[in-house]
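I opened the structure today and kept short notes on what I looked up. The entries follow in the order I made them.

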Amino acid sequence: MSLQMVSESSKTGLIYPGFSLFNLNGEVFFFGQKGWPKRSCSTGVFLLHLKGHNLKLKAVSFSPDSCYLPPLRCPAITHYSDPSESKSPLYFIHGGRDPNNDLTNSLYLMMVYSSTGNKTTSLRCIEKNLEGEVPRGRYGHSINVVQSKGQMLLVLFGGRCFRPPGQRTSENWNSVVDCFPEVFLIDINTGHCTSHILPEIEDGFSFHISIAKIDRVYILGGHSIETNLRPERLLCLKVDLSGTSPSVQCTILQGGISVSSAIVTQAGNDEFIILGGYESESKKRMICNTITVENDNIQILEKEPPVWTSDIKASKTWFGSSMESNTVLLGIPGESKQDAAEAYFFYIVKFGKLDEESQVSCSQESFTDPEECSTFEDSEEFNFEVEADGSDDAENRDNADEEGYWIKCSSACNMNVNIWEPYYSTELNKPAMIFCSSGGDDGHWVHAQCMNLAESQLIQFSQENTKYFCNEHYIDRGIQTPQKKKQIKRTPIKSPRKKSPATLKRTPMKKSFLKRLFD
């Protein structure tokens, strides 16, 4: 295993506790940003790209028939991939908390719409209509896919929700409670929901671990708001579809662990690794565990953790999500480092290589409850490249426009698609360019970095309708690098010569005017 610190680009300022990652066709996507998406990236979903030690986010477009996916924090996420088919996996996203502090009960389906390698990837998002005993809006819960009698169902459990409408007042409007301890079964095809109350589960809890295999869901740990406890819990939920209606049986098993807000990453066909989380309100869980689910049994063993850095040990909180293939993205507050301007620092934890295709799934959870973190705030403004026709997606351009960013704009140009990194805060995945009004009838584009433009100049040129001339076409006109303005001679306005009364030509119209002026 390894622990590697990654340097962040300016766009990773969107990554805050409660974010989510999902893996489609070997690509990792990020959503749940801080604040509402801006018009420049209306989908709010990014391709997370790790290049060397650099972590970058690239805006992703949706298919025309996609629904809007809010920037949800701490939703329940799971995936299903039929091993007999070659299509990409299907992700299910339920619940979560939006930047307005509202809790949703919507169920979304996420899949790949189209992909052309590293150039463009489009996603398709569909909202599934739920009916029957629909679960309340919540966060910090789990959702898993189970299979029984040739059918697939979603198993939803736990989480936190707002107080019932009759108990919600202006004083406790945003306070949350543990959801009622009931298990929901959701038919993937019809969206029909059924609620099941189990006597073995007396109290509600949230931010637990859930792992599913075939027709069973194993639930470990979890935190209760009412008691503020994290008992050594291990439950097995078995779904039965042999009757006229689905049913659930619960078995209390021994050998559970005390943990909340941990993250699970897959290490093999039937093997998972638990990383992080909390043992108590003020103590992080620094050890790791290996979970093996085989032959309807679950085994939990302690695993040697990575060599934690002093910054990770000193931080009071941490958060993250699984990137799949034994890889975890881990974040700690920037305040743990002295003189740190960044909000968070990020690490990549790797446990090995996943060689086998998985037929089991786990529900992804965030490390940190948003109640324990900073309040939700508006997202920082980032300006992405936008087409002249007003299109929000910078990727909706033809191949000629795509290659145009990597032209040799001047004799000193050193832009290279393989080594280029964002230089200005307004750049996302392409270099910023400025239009030179000379060098031909139509002018040409030059890279702002090649012209040594300061960021303030770049912003100024993008906001003003000012002609710009690059170094090679500057002829003492317009603006050139460094910023230089031509002095404009101003001729004072001369007052008219005063004529004598003898030479003053008087007309009836003039007399009338003078009379009105001096009367």
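**Notes on salt bridges**

I began with arginine 216 and aspartate 215, whose side chains meet in a salt bridge at 3.3 Å, N to O. A salt bridge here is a side-chain nitrogen of Lys or Arg within 4 Å of a carboxyl oxygen of Asp or Glu. I noted that this is a predicted model, where local features need pLDDT of at least 70, side-chain atom pairs count only at pLDDT 80 or more, and totals for chains, interfaces and linings use all residues. Residues are numbered from 1 along each chain as its sequence is written, and side-chain values use heavy atoms, with hydrogens and water left out.

Next I looked up burial (buried is under 20% relative accessible area, exposed over 50%, partly exposed in between, with a 1.4 Å probe and protein chains only). Arginine 216 is buried at 16%, and aspartate 215 is buried at 14%.

I then found a salt bridge between the side chains of arginine 216 and aspartate 296, at 3.1 Å, N to O. Asp215, Arg216 and Asp296 are linked in a network of salt bridges.

I searched the whole structure and got five salt bridges. One of them joins the side chains of aspartate 65 and arginine 124 at 2.9 Å, N to O. Aspartate 65 is partly exposed at 44%, and arginine 124 is partly exposed at 28%.

**Notes on the whole protein**

I wrote down that buried residues make up 51% of the 519 residues. I also counted four helices and 33 strands; these are DSSP runs numbered from the N terminus, helices (H or I) of at least four residues and strands (E) of at least two.
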